[in-house]
Amino acid sequence: MEIKRDYHLQRLVSRKHNDMVKVVTGMRRSGKSYLLFTIFYKHLLEEGVADDHIVRIDLEDRLNKALRNPDELLTYVRSRIKDENMYYILLDEVQHVNEFEDVLNSMLHIGNADVYVTGSNAKFLSKDVITEFRGRGDEVNIRPLGFKEFLSARPSLGKEDALREYMTYGGLPQTVTMQTVEQKENYLKSLFTNTYLLDIKERYNIKNDDDLEELISMLASGIGGLVSAKKLQDTFHSVKKSTISYETIKRYIDMLQDAFILERAVRYDIKGRRYISTTSKYYFEDLGLRNARINFRQSKRTHLLENMIYNELRLRGFSVDVGEVSVNGKNSEGKSYRSTLEVDFVCNSGYKRHYIQSALALPSQEKMEQELNSLRRINDDFLKILIVGDAMQPTYQNEDGILILNVYDFLLDSQPY
């Protein structure tokens, strides 16, 4: 089964010949190797690149163990370059090479070599790309499958069944190919414990990991809610009877973000045009892993919908904040009041900005008014969208100019909402 990943392919294609090392990062099992060694490789062949001008090396394969030596790898790559035409160097799991940063920087000195690498596990995170390549690394972060990609791999499912499965088991490509509930659940639980957590523990030499695991469970249970390290510390102290410090909680959250398990959405005051860092929301990059962490207990679909929409927006290249709008007024007694309304997502990409609210359903006009209230309070001309998780909800633009979108239209439409 081939799952098309056209968006990520185009991101690689747009970076060809830019005199930088293209570094494909992302959570384990998100499809980095497949993107580079299968999809991008086929693209190069279709573009007329000769096969002997594409050097593919899987450094996780024991047959290539000798090439994990930095000098052997560099010598081998240079030996493959026979003429002045462009060569494409594709290296998978480059973290297996000692001093790989120095090797890749040396490859940049080969004038007719275009270099692409993948890396994963505890030795190779986003911040490593920034620090180790001295401004010569161009990161391409790969995320789990979006719903449209997921549906292309499961064409026999109807949209509603597909969405239920996607919100339960997520978008890791291996999970999509599994046939039974037992396979999916066992795989995701094992992957979280024996791969992602193990990577973090090894990288940061964590011995007493009970608090780390408890923190992950707390964040998994609380998606869609505003949290802070201080509030989490208070919960640990009062409920869990743990003495974990504020600084340790912050450090653990940073680790989870570095490992591509979590992402942070910061609060943004829309009218005041400033960030508020006291509380934030945290979303899981893959809902299947999040659900595995809480043993697939029933969860509010409202929060799953919100996390899924966040992931889709990030997949489409938006930076995403949590918005808030201050409202001043007078109550029935004439007393002044000030309240705050939340906007689920403030999305930015270049010159574009969208404000997005999500709702599982709109069973009444009162519920509709409640969901639209914060969007109506924003006094600018950027697009305002309400995404509704009800399959029967039609897509239309209301009298306020707010776009009411059925969730399937949002997820499957090619427009970059």
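This section describes the sheet, a helix, the nonpolar cores and selected side-chain pairs of a predicted model.

The sheet comes first. Eight strands make up an open sheet with mixed pairing. Their order is β7-β6-β8-β9-β10-β11-β13-β12. The edge positions belong to β7 (274-284) and β12 (396-397). Each of these two strands has a single partner, so one side of each lacks a neighbour in the sheet. Strands of a sheet pair through backbone hydrogen bonds, in either a parallel or an antiparallel sense. The pairing of β11 (residues 383-388) with β13 (residues 403-406) is parallel and runs over 4 bridges. Within it, L386 is placed opposite I404 of β13.

Helix α11 spans residues 229-240. Its buried residues are A229, L232, Q233 and F236. Viewed down the axis of α11, the buried residues fall within an arc of 105°, so they line one face of the helix. Their packing partners are α10 (210-221) and α12 (246-258). Just after α11, K241 adopts a positive phi of about 55°.

In soluble globular proteins, nonpolar side chains tend to be buried together. The largest nonpolar core in this model holds 74 residues. Within this core, F147, L219, I261, M308, L313 and F345 touch the most other members. Helix α9 (residues 181-204) supplies the largest share, with 7 residues. A second, separate core has 24 residues, among them L73, I89, L104 and L108. I261 illustrates the contacts of a residue in the largest core. Neighbours within four places in sequence aside, I261 is in contact with M27, F192, Y196, I200, L256, Y283, F284 and E285.

Helix α9 also contains K184. The relative accessible area of K184 is 4%, so this residue is buried, the limit being under 20%. Beyond neighbours within four places in sequence, K184 is in contact with R154, E165, Y169, T175, V176 and M178. One of these partners, T175, lies in helix α8 (residues 173-177). T175 is also buried, at 1% relative accessibility. With the sequence neighbours within four places again left out, T175 is in contact with Y169, K184, Y187 and L188.

Side chains of opposite charge can pair when their charged atoms come close. The model contains 23 salt bridges. One of them joins the side chains of R5 and E149, at 3.1 Å from N to O. This pair links distant parts of the chain, 144 residues apart. R5 belongs to the segment before α1 (6-13), and E149 to helix α6 (residues 147-153). R5 is buried, with a relative accessible area of 3%. E149 is buried as well, at 11% relative accessibility.

D114 and K22 form another salt bridge, at 2.5 Å from N to O. Here the link is between strand β4 (residues 113-118), which holds D114, and strand β1 (residues 21-26), which holds K22. The two residues are 92 residues apart. Both D114 and K22 are buried.

The salt bridge of D400 and R376 has an N to O distance of 2.7 Å. D400 is in the loop between β12 and β13 and R376 is in helix α15 (residues 365-376), so the pair ties together parts 24 residues apart in sequence. D400 is partly exposed, with a relative accessible area of 41%. R376 is partly exposed too, at 30% relative accessibility. Elsewhere, salt bridges with shared partners join K201, D209, E213 and R293 into one network.

The count of aromatic pairs is 11. Y355 and F382 form an edge-to-face pair. Their ring centres are 6.5 Å apart, with 70° between the planes. The pair links distant parts of the chain, 27 residues apart. Y355 lies in strand β10 (residues 352-359), and F382 in the loop between α15 and β11. Y355 is buried, at 0% relative accessibility, whereas F382 is partly exposed, at 35%. Ring pairs also link F147, F150 and Y166 into a cluster. F147 is among the residues that touch the most other members of the largest nonpolar core.

Notes. Residues are numbered from 1 along each chain as its sequence is written. This is a predicted model: local features need pLDDT of at least 70, side-chain atom pairs count only at pLDDT 80 or more; totals for chains, interfaces and linings use all residues. Side-chain values use heavy atoms; hydrogens and water are left out. Two strands pair if DSSP finds at least two bridges between them. Buried means under 20% relative accessible area, exposed over 50%, partly exposed in between (1.4 Å probe, protein chains only). The arc is that of the directions from the helix axis to the C-beta atoms. Contact means heavy atoms within 4.5 Å. A nonpolar core is a set of buried Ala, Val, Leu, Ile, Met, Phe, Trp, Tyr and Cys residues joined through side-chain atoms within 4.5 Å. A salt bridge is a side-chain nitrogen of Lys or Arg within 4 Å of a carboxyl oxygen of Asp or Glu. Rings of Phe, Tyr and Trp (its six-membered ring) pair if their centres lie within 6.5 Å; planes under 30 degrees apart count as stacked, over 60 as edge-to-face and the rest as tilted.
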